[in-house]
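User: I'm new to this one and would like to learn how to read a structure like it. Could you walk me through a few features?

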Amino acid sequence: MTTGRPGRGRADGGTHGRAHHPADRDGHRDNRARGEVRWAVVVPQKDLRLAKSRLALDSPDRQRVASALFRDTVAAAQHTPGVATVIVVVDRIQDLEPVAGLGVGHVLGTGPGLNEALHQGERAARAGHPGCGVAALPADLPLIEPALLGRALAEAGAHDRAFLPDADDEGTTLLTARPGHALGPVYGIGSREAHRRSGAVELTGPGLAALRYDLDCLAHLALVPPPARHTHLSDVLARLRPVPSLVDASYLPGLPGLPGRTAPPGVVRHPPRA
């Protein structure tokens, strides 16, 4: 996640930072005494009509891809070990449709930009789940899985604040703060270095490489997880018209733990449709 969100107008019917929370399935327990951290995951989603603007697709297809990524990311977070609740921050009430029925809390954003959206989500998380740490997660992670996010959060729990850089080593995907510590998001161009300067610890544990991929361009769609894990995204990609950029993703950046410039283990490339 390297770019900021466009200005956010006041959403009609907004909750002004108060989240509508489903019941916390694990209560408001604070497990710090046992060295464990329960997490409230905040997922911001910009206006779906504007999302993924750098994908060279027509508007309906872009919205379908963004909506599928949003739902699959939130669903993965919901099923992640150690996650007590998920709160989404959206620009419009209509943008909750992809996650309807998942039982997430929501905030209608009223401030400008991604960092303000995360501040609003953090305030809602602290108010509703005071014993939890807060984790910020982008809504466009095509390779996310519950076990993968669980490993990242387990490592992050050892630090007051932590972050995971994106695949380009310039931006940030995951950002976390333990209970009692402010999240302090500084997303935008160069956020990896900005988060490092802010005192957050960079996560370097093995097996986290796939969580560093966010989806910014068509070539990234060539890395598609098995359909059973990401049903909505896989269904949308199966319906896309052939796009030349999908044929060759060889320039995708290599990552620690991933051989060369190939897909992570267990990930299949989406074949171009004939």
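Predicted model: local features only at pLDDT ≥ 70, side-chain atom pairs only at ≥ 80, totals over all residues.

User: Which residues of α2 are buried?

Analyst: Among them are Gly-113, Leu-114, Ala-117, Leu-118, Gly-121, Ala-124, Ala-125 and Gly-128. Gln-120 and Glu-122 are on the buried list too.

User: And how far does α2 reach from its first C-alpha to its last?

Analyst: It spans 23 Å over 16 residues (113-128), close to the 22 Å expected at 1.5 Å a residue.

User: Now the inside. How many residues does the largest nonpolar core have?

Analyst: In soluble globular proteins, nonpolar side chains tend to be buried together. In this chain the largest such core has 37 residues, and Val-43, Val-74, Leu-137, Leu-174 and Leu-211 have the most contacts inside it. Elements giving two or more residues to this core are β1 (39-45), α1 (59-78), β2 (83-90), α3 (146-156) and β5 (161-165). The top contributor is α3, with five residues. Apart from this core lies another, of 20 residues, including Ala-117, Ala-124, Cys-132 and Ala-136.

User: How many helices and strands does the chain have?

Analyst: Six helices and nine strands. Of its 274 residues, 58% count as buried.

Technical notes
Residues numbered from 1 in each chain as written. Heavy atoms only, no water. Core = buried A, V, L, I, M, F, W, Y, C linked by side-chain atoms within 4.5 Å. Buried < 20%, exposed > 50% of the residue type's maximum accessible area, 1.4 Å probe, protein only. Helix = DSSP H or I, 4+ residues; strand = E, 2+ residues; numbered from the N terminus. Expected span 1.5 Å × (residues − 1).
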